[in-house]
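This report describes a ligand and the pocket around that ligand. Please consult the sequence and the structure shown below.

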Amino acid sequence: MNYVERFEKLGFGLFVHFGLYSKMAQGEWYLTLNPKADKEKYLGQVSSFRIRKDWAKRLVKTAKAAGCKYITLTTRHHDGFSLYDTCGLNDFDAPHSACGRDLIREFVDECNAAGIVPFFYHTLLDWWHKDFDTDFPAYIDYLVKSVEILCKNYGKIGGFWFDGMWSKPNEDWQEDRLYGTIRKYQPEAMIINNTGLNELGKVGHPELDSVTFERGKPCFVDNSDRHRAGEMCQVLNDHWGYAQGDCNYKSVKELIENLVDCRKYNCNFLLNTGLCGNGAVNPMDEAMLKEIGKWMKVNKGFIYGARSSDVTAEGADILRGDDGCYYAVIKDVGMSGDPNVQRVGAGKSVKVNARVTSARWLDTNERIAVKRGEFAVLPFVYGRSYSVRVAKLKIKEK
Ligand code: GLC
């Protein structure tokens, strides 16, 4: 298995937006999108950027409880503030803020202790650095030096997740040099560069190991020149960075369905949380992530090995596991009960277009009676629901 395949097996990751903007509690684009934003005041936040001692431990615990196998954390976002020690490149970093610590060191240590793979989000677009708009080649020197620090100082990491090239599509970003730096120090790191909402799934450079589908629908990845992964990132509500008052949350069921859809197209799912200004996980996000984790457990973690399948079915999505079994995912199970009280669903049937030799529900481990590839899905009985059901199938291959 090479590093791209290992990444695909991780399956489900937690995306984390955390930086100076977290303190403003108005999303990570606060500095640019808020017409009343006072830049000096914003930059002054470094003097009160106090981060709880246990922030990384709690974050990693939350990711584990959700069933995530990796975390992609914003080491530097568009505002230019670094959570890592920039080793003298500038002092707009966490060690020079009120917290006085290298937060990336703490993050990586906690990940390694818990068996979670750390990934580094790093911005390309920079609203802070003076060279970004005046001397682009000098800015690229600074960017490459920044990335080199991240490559050299934190041990082996899972990969880099770049973002913001879409802001200057006609500039020379010297991608060969940037990616070459990573290959030199971290030959097995995934290199990902977010193409943004307008170019979902596009392979922007041959060195890229995965394409991105930001809040989109995953599709099959173009593997014509070499094997590449796909990853879809998604928000719990409407923001990446913590934004107080945003309660436009997706349902947990919808997010589970997103995850299944990603796996169906061989993609990973990267689900976001924006940390609060002191580094704490937002309690609402934490609760939702926990619920997803419960579903993952009940369904025996089949999702990590699940990939696209050439077997199809009516009434279910079929995925193929790395154990040689197939998994039928039923998203609309319905509910039974007293029609005066509950919205009663009728139940349904699933017809698999292959020879099913045995089937069991993953959640209850009950055997399912299958006749000529067809089986009944009874509605949940009121009071007992697993939201999205999964049947494990053994299929006789032709
Ligand atoms: C966009 C935004 C950025 C966010 C990212 C996450 O590119 O600019 O704020 O970090 O999406 O995918």
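An oxygen atom of the ligand lies 3.5 Å from an N or O atom in the side chain of Asn 194. For the side chain of Trp 29 the corresponding distance is 3.0 Å, and for that of Glu 28 it is 2.5 Å.

The model is predicted: local features need pLDDT of at least 70, side-chain atom pairs count only at pLDDT 80 or more, and totals for chains, interfaces and linings use all residues. Residues are numbered from 1 along each chain as its sequence is written, and side-chain values use heavy atoms, with hydrogens and water left out.

## The shell around the ligand

The ligand is surrounded by 14 residues (each with a heavy atom within 4 Å). The closest are His 17, Glu 28, His 77, His 78 and Glu 214. By class, this shell has 7 nonpolar, 4 polar and 3 charged residues.

## The largest pocket

The space taken by the ligand is the largest pocket. Strand E1 (12–17) and strand E4 (159–163) are the elements that give two or more residues to the shell around the ligand.

The volume of the largest pocket is about 390 Å³. Of the 23 residues in its lining, those closest to the centre are Glu 28, Trp 29, Glu 214, Arg 215 and Trp 240. E1 and E4 are also the elements that give two or more residues to this lining. The lining has 8 nonpolar, 10 polar and 5 charged residues.

How values were computed
A polar contact is a pair of N or O atoms within 3.5 Å; within protein, one must be able to donate a hydrogen and the other to accept it, and residues adjacent in sequence count only if both atoms are side-chain atoms. On a 1 Å grid over the protein atoms alone, a cavity is a set of points where a 1.4 Å probe fits but cannot get out, and a pocket is an open set with protein on both sides within 12 Å along at least five of seven lines; lining residues have an atom within 4 Å of a point. A molecule sits in a cavity or pocket if more than half of its atoms lie within 2 Å of its grid points. Helices (H or I, at least four residues) and strands (E, at least two) are DSSP runs, numbered from the N terminus. Ala, Val, Leu, Ile, Met, Phe, Trp, Tyr, Cys and Pro count as nonpolar, Asp, Glu, Lys and Arg as charged, and the others, Gly among them, as polar. Grid points are joined across faces, edges and corners, and a volume is the space filled by probe spheres set on the points.
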